[in-house]
Amino acid sequence: MTEATTASGTGTTTESVRGWRALGIQILVLLAILFGFGIWVANAPLSPTERNTLNLSTILELTGQHLALTIVATVIVLVIAIPLGILLTRGPFRKIAEPVLAIANFGQAAPAVGLIVLLFMLVPDGFRASIIALVLYAILPVLRNTMIGIRGVDQRLVEAGRGMGMTAASVLLRVELPLAVPVMLSGIRTALVLLVGTASLAAFVSGGGLGLLITTGVNLYLFSVLISGALLIAVLALIVDWVGRVVEHVARPKGL
Amino acid sequence: MADIDPRTETADEQAPGSQTTGSQPADAQTADEQTDRETTGRSIWLDNVTKRYPGQKRPAVNGVTLEIPDGQVVMLVGPSGCGKTTTLKMINRLIEPTEGRIVLGGEDVTSIDGDELRRRIGYVIQAGGLFPHMTVAQNIALVPKMLRWDKARIAARVEELLDLVGLDPDVYRSRYPKELSGGQQQRVGVARALAADPPVLLMDEPFGAVDPITRQRLQDELIRIQHEVHKTMVIVTHDFDEAVKLGDWIVVFREGAQIVQYDTPERILAEPADEFVENFIGSGAALKQLGLRRVREVEAADAVVAKAGANAAEALRRAEAAGHDHVVVVDERGRPIAWPSRRALSRMTRLPAQLDPAMPLVGSGATLNDALDTMLVSSAGATLVTGRSGVFEGVVDVETIMDAISSAREAAAERSDDAPVGTNTGAVAAVPAASDEQRPANPGDAAVGPVSDD
């Protein structure tokens with residue numbers, strides 16, 4: 001874990017070490033919670049119905065579906081929001097940046113449950129409807145952070161790049177984007193965590209995922225299942241957040 | 001950090017500056033510009049260049065015609081918002097001129113590919129403008145990489161340049177900019193601009209962001225570097241003293257990039273074109289002139305010299321015979337150690353052998369300004385001058401400096417025939433008539449050819 005820290009200077013090394021330590025503690029705590037949950041499931045006096053739902057293969061299957069929803073939605077969000085965000089910081093498109101942000105804001109402000117159900121009426125496939133809703137829901141943080149990250153790059157650096165004969169594309173790829181990476185990544189992490197949470201709602205339109213534990217728990221008054229679902233979703237969100245932080249840590253350009 | 005070079009045009013393999021490329025303009029460029037004596041710089045010719053921004057009534061730069069001789073340092077000065085930076089950025093076309101022509105070393109570059117042009121021109125901005133996510137070496141290597149130099153050549157060049165700007169390559173090569181001081185960043189900025197050995201260097205307020213002491217040091221460094229590289233440099237500054245210190249020529253602008261005066265620092269100080277320039281120079285023009293001349297350029301007076309530890313009475317006799325009030329006591333290598341007056345001598349038997357720290361002393365490379373300062377501090381009204389390895393050379397007194405000032409003013413008044421052209425062809429009427437008369441070689445119409453009447 002530590003070799004990534006040695007390359008940069010002395011000042012950053014200690015900071016970096018502290019960062020890694022915090023990350024290590026975070027994942028250990030999460031693993032401990034999962035472990036505790038496993039022990040509880042194995043020993044708790046569960047009814048056959050509860051046992052039926054709370055077994056390892058079902059949980060893994062639901063987690064897989066949940067992750068599939070999250071990952072597919074994230075990939076689509078990235079493919080849409082990053083190029084769009086870059087485009088909206090380029091000369092002529094800067095003017096329409098605000099309207100586009102307003103639309104993206106609208107997507108996030110709309111209640112996610114309503115969005116999913118509405119889309120299910122239009123697209124009668126649970127998975128697809130959920131994906132569309134999730135994408136609409138998570139575009140804003142990525143789009144906004146891409147734009148903020150690029151706008152936050154010191155204009156004098158852009159000018160320095162152009163002044164030494166770099167093309168506009170080269171300045172974007174080699175100066176603006178690398179310097180915007182930390183802000184962009186934190187937007188992506190925010191989107192991921194949002195998506196893990198919101199993907200629970202896919203269960204309402206038979207889109208699968210850990211949300212199914214919650215709906216089952218509610219419908220059948222199985223509190224243990226309900227709480228297990230909530231706990232697993234929370235832990236999954238935190239694990240995804242942890243992965244995001246690790247990536248941020250590794251991908252942060254040296255020298256910043 | 002992707003190693004992407006999205007350049008699509010063909011690579012410009014040759015080192016720029018080594019040969020003249022491209023088409024010649026119709027005007028006959030003087031032949032000596034292409035034979036590049038010891039300079040590696042190229043001349044710049046702004047031909048009736050105007051920049052208008054949409055929605056603004058007055059042009060930011062109005063019909064500037066400016067000749068920048070090769071291998072010389074030209075300072076663009078003026079109040080903020082006067083268009084000096086815009087003028088600078090039109091040379092490398094970071095700002096595209098609305099009208100007019102830009103000629104670089106005889107080649108019309110007004111409509112060639114801007115990125116390609118800029119790779120041939122070094123560009124330095126305030127605080128260096130280093131990319132924080134790249135090491136010092138990566139920053140310097142940017143342009144050579146764009147020009148597709150091979151790795152070994154780039155590495156050698158980085159080393160050479162870090163040496164040139166006074167940074168130890170082994171220490172600084174792989175540091176990130178944030179690990180450098182402001183002055184060091186600026187040095188790397190200069191090294192980066194020089195990376196591909198461009199004939200022309202443009203600097204936009206290069207030393208504006210560093211503390212005064214560092215600024216002075218960087219200015220001295222730049223003078224030294226220019227002695228080695230002989231580039232054509234165009235430097236924007238709002239600090240007139242900096243312009244006097246660094247410039248071979250100074251262009252004084254006022255709003256709309258109106259050229260008020262284009263002349264040597266000496267002449268601008270001696271003969272400001274009008275009140276505007278006078279105000280811009282600020283008080284103490286004559287004193288500033290002292291900063292332009294070195295002690296070695298004025299004639300130092302002789303003195304009575306005696307060896308340390310010698311007989312004082314004997315030295316006193318010699319001083320009386322020569323009519324001098326003081327005796328210079330030197331050590332066995334000829335370095336001055338004391339400068340006793342006749343009165344002091346009459347009280348001693350042997351000449352002192354210990355160094356007198358209060359003795360006024362300047363090196364021959366010091367400016368007259370420094371010399372005068374030293375004199376004023378000491379009671380003698382004069383100062384000793386030492387040459388190489390501290391050996392005594394002579395005495396300079398206040399009168400010598402007064403003579404130097406007046407002769408400089410006379411000399412400055414005469415020098416005008418080799419002055420480069422600088423006019424506002426578009427708006428002559430807006431220029432005060434008085435400055436027109438004073439400007440040398442000023443045809444004042446749009447049809448001027450480059451350097452036609454040297």
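Q: At what angle do α4 and α9 of chain A pack?
A: Helix α4 (residues 56-87) of chain A and helix α9 (residues 168-198) of chain A pack at about 145°, and their axes are 10 Å apart. Axes here are lines fitted to C-alpha atoms, over the stretch in contact for helices, and angles run from 0 to 180 degrees between N-to-C directions. Helices (H or I, at least four residues) and strands (E, at least two) are DSSP runs, numbered from the N terminus.

Q: Before we go on, what kind of model is it, and how is the numbering done?
A: It's a predicted model: local features need pLDDT of at least 70, side-chain atom pairs count only at pLDDT 80 or more, and totals for chains, interfaces and linings use all residues. Residues are numbered from 1 along each chain as its sequence is written, while chains are lettered from A and ligands numbered from 1 in the order in which they are written.

Q: Thanks! Back to α4(A) and α9(A): is the crossing left-handed or right-handed?
A: α4(A) passes α9(A) in a right-handed crossing. A crossing is left-handed if the near helix is turned anticlockwise from the far one by less than a right angle, and right-handed if clockwise.

Q: Which residues meet there?
A: From α4(A) you have A:T70, A:A73, A:T74, A:V77 and A:L78, and they meet A:I188, A:A191, A:L192, A:L195 and A:V196 in α9(A). Contact means that the C-beta atoms, placed from the backbone, lie within 7 Å. By class, the contact of α4(A) with α9(A) has eight nonpolar, two polar and no charged residues. Ala, Val, Leu, Ile, Met, Phe, Trp, Tyr, Cys and Pro count as nonpolar, Asp, Glu, Lys and Arg as charged, and the others, Gly among them, as polar.

Q: And how do α10 and α11 of chain A sit?
A: The axes of α10 (residues 211-219) and α11 (residues 223-251) of chain A come within 7 Å and cross at roughly 155°. α10(A) and α11(A) are therefore roughly antiparallel to each other; angles under 35 degrees count as roughly parallel, over 145 as roughly antiparallel, 65 to 115 as roughly perpendicular and the rest as oblique. The crossing of α10(A) past α11(A) is left-handed.

Q: What's in that contact?
A: On the α10(A) side, the residues include A:L213, A:I214 and A:V218, and α11(A) brings, among others, A:F223, A:V225 and A:L226. The contact of α10(A) with α11(A) divides into eight nonpolar, five polar and no charged residues.

Q: How many helices and strands does chain A have?
A: Chain A has 11 helices and zero strands. Its C-alpha trace spans about 70 × 50 × 20 Å along the principal axes.

Q: What does UniProt put on chain A?
A: An unreviewed UniProt entry places "domain: ABC transmembrane type-1" at residues 63-244 of chain A. UniProt positions are in the numbering used here, feature names are shortened, and annotations may be inferred rather than shown by experiment. In the model, residues 63-244 of chain A are 80% helix and 0% strand, with their end C-alpha atoms 18 Å apart.

Q: Where are the transmembrane regions?
A: The unreviewed entry's "transmembrane region" annotation on chain A includes residues 100-123 and 192-214. Residues 100-123 are 88% helix, and residues 192-214 are 48% helix.

Q: Switching to the interface, how many residues does each chain give?
A: The contact takes 27 residues from chain B and 22 residues from chain A. On the chain B side, α2 (114-118) and α3 (136-146) each supply at least two residues. That side has 15 nonpolar, three polar and nine charged residues.

Q: Now sheets. What's the order of the one with β11 in chain B?
A: The order is β11-β12-β13 (chain B), an open sheet of three strands with mixed pairing. Strands pair if DSSP finds at least two bridges between them. β11(B) and strand β12 (residues 327-330) of chain B run parallel, joined by four bridges. One of the bridge pairs is B:A306 with B:V329 in β12(B).

Q: Which helix lies across β11 and β12?
A: Helix α12 (residues 312-322) of chain B does, running at about 170° to β11(B).

Methods: Contact = placed C-beta atoms within 7 Å.
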